[in-house]
Amino acid sequence: NDKIRQQKKRDKNKRLLVFIRNIAAATLIPLIITTIYITEKKNSDRKKFDNKITAITSPGEKSKIILPDSSIVWLNSDSKLSYSNFGENGARRVSIEGEAFFEVTKNVSLPFIVTTKDYNVKVLGTKFNVRSYNNENESETVLEEGSVLIEMPDGQKFKLSPGQMALKVKEHKLSIKNVSVETKICWKDNILKFNNTPIKDMIPMLERWYGVHIIVPNLTNVSDKRITMTIKTESLHEVLQLIKYVTPIKYSINGDNVKIIFL
C-alpha cells in the first residue's frame with residue numbers, strides 16, 4: 001500500500017511539473033515574438049530616418065548586390081558595403097570595408113565614388129576591384145575595364161588604365177603597377193589564386209575564405225616564404241595537404257581553429 005501511495009504521489013508531481021512547463025512556455029513564446037517585432041520595427045524606423053543601407057558578409061561567405069542604379073557589386077567574405085541617399089545630391093557614393101568587385105553602370109552626370117580607409121575611387125562606368133580591410137596595412141584598387149581616378153586625402157589624383165593596380169601601404173606614397181587582373185578578381189567566381197604569395201599574406205586570405213582562425217606560431221620565421229597555387233572546390237584539409245607537398249608543415253584542425261607549424 002505504501003508503495004502504491006508513493007507511486008501516486010510521484011505521478012501527481014510529474015503532472016504538476018508538466019502543467020507548470022506548459023504555462024511557462026505559453027507565457028514565454030509571445031514575449032519572444034513581441035521582442036523580435038519591436039526590434040525589427042525600431043530598425044525599420046531607423047532606416048527610414050537616415051536611408052542608410054548596409055550589406056555585411058561573414059568570413060567564409062560572399063554575396064552579390066544590385067544597387068539602385070543597376071550597378072552590381074560582388075562582396076567578398078568578411079566585408080561591409082554601405083551607402084545612404086544613393087543617387088541623390090549629384091553622386092553615387094558607397095563605402096567599403098573589406099573587398100568588393102564593382103561593375104558600375106555608366107552615368108556621366110552622376111559619378112560613382114567608392115570610399116575606403118585610405119582614398120576614394122571615382123568612376124563613371126567601369127569594372128574594378130577594391131580591397132581595403134581595416135585590419136590590413138594596405139588598400140588596393142585593380143582596374144579590369146574602363147578607367148578610374150584615385151583621389152587621395154591631400155588632393156592628389158591618379159588615373160588607372162586597365163591592367164593596373166593602385167596600392168597604398170601605411171604611410172608610404174601610393175604606387176601604380178601592372179598586375180594580373182584575373183588573379184586579383186577570380187575570387188568572385190569562387191576561385192582563389194596565390195601567385196608567388198608570401199605566407200604572411202596568404203594566411204588572412206585563407207582565414208576569410210574558409211571562415212576559420214589560423215595560428216602559425218613561427219610565422220615570423222617563414223613570413224616571406226612564397227606559395228603558388230589555385231583553390232577551387234578544395235577543402236581546407238586538402239589545401240593544407242597541397243601546401244605540405246610544397247613545404248614541410250604539421251597542422252591540426254579543431255573546429256574553426258587551425259594550427260600550422262612550418263618545419
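Predicted model: local features only at pLDDT ≥ 70, side-chain atom pairs only at ≥ 80, totals over all residues.
The chain has 263 residues, of which 36% are buried, and it contains five helices and 18 strands.

In the largest nonpolar core there are 31 residues, and those with the most contacts inside it are M202, L206, I214, M229, I231 and I260. Among the elements that give two or more residues to this core are β12 (164-169), β16 (226-231) and α5 (236-246). The largest share, five residues, is supplied by α3. What does M202 touch, leaving aside its neighbours within four places in sequence? The residues in contact with M202 are F194, T197, I227, M229 and I243. Apart from this core lies another, of 26 residues, with L67, L75, F86 and V121 among them.

I now come to the aromatic residues. The structure holds five aromatic pairs. In one of them, the ring centres of Y83 and F86 are 5.3 Å apart and the planes meet at 65°, so the pair is edge-to-face. F86 also forms an edge-to-face pair with F112, at 6.1 Å centre to centre and 65° between the planes. F86 lies in the loop between β4 (79-84) and β5 (92-103), whereas F112 belongs to strand β6, and the two are 26 residues apart. F112 counts as buried because its relative accessibility is 0%. Ring pairs join Y83, F86, F102, F112 and F128 into a cluster.

Finally, two charged residues lie over rings. The charged end of K62 sits over the ring of W209, 3.8 Å from its centre, and R208 lies over the face of Y133, 3.4 Å from the ring centre.

Note on methods:
Residues numbered from 1 in each chain as written. Heavy atoms only, no water. Helix = DSSP H or I, 4+ residues; strand = E, 2+ residues; numbered from the N terminus. Buried < 20%, exposed > 50% of the residue type's maximum accessible area, 1.4 Å probe, protein only. Core = buried A, V, L, I, M, F, W, Y, C linked by side-chain atoms within 4.5 Å. Contact = heavy atoms within 4.5 Å. Phe/Tyr/Trp six-rings, centres within 6.5 Å; stacked < 30°, edge-to-face > 60°. Lys NZ or Arg CZ within 6 Å of the ring centre and 35° of its normal.
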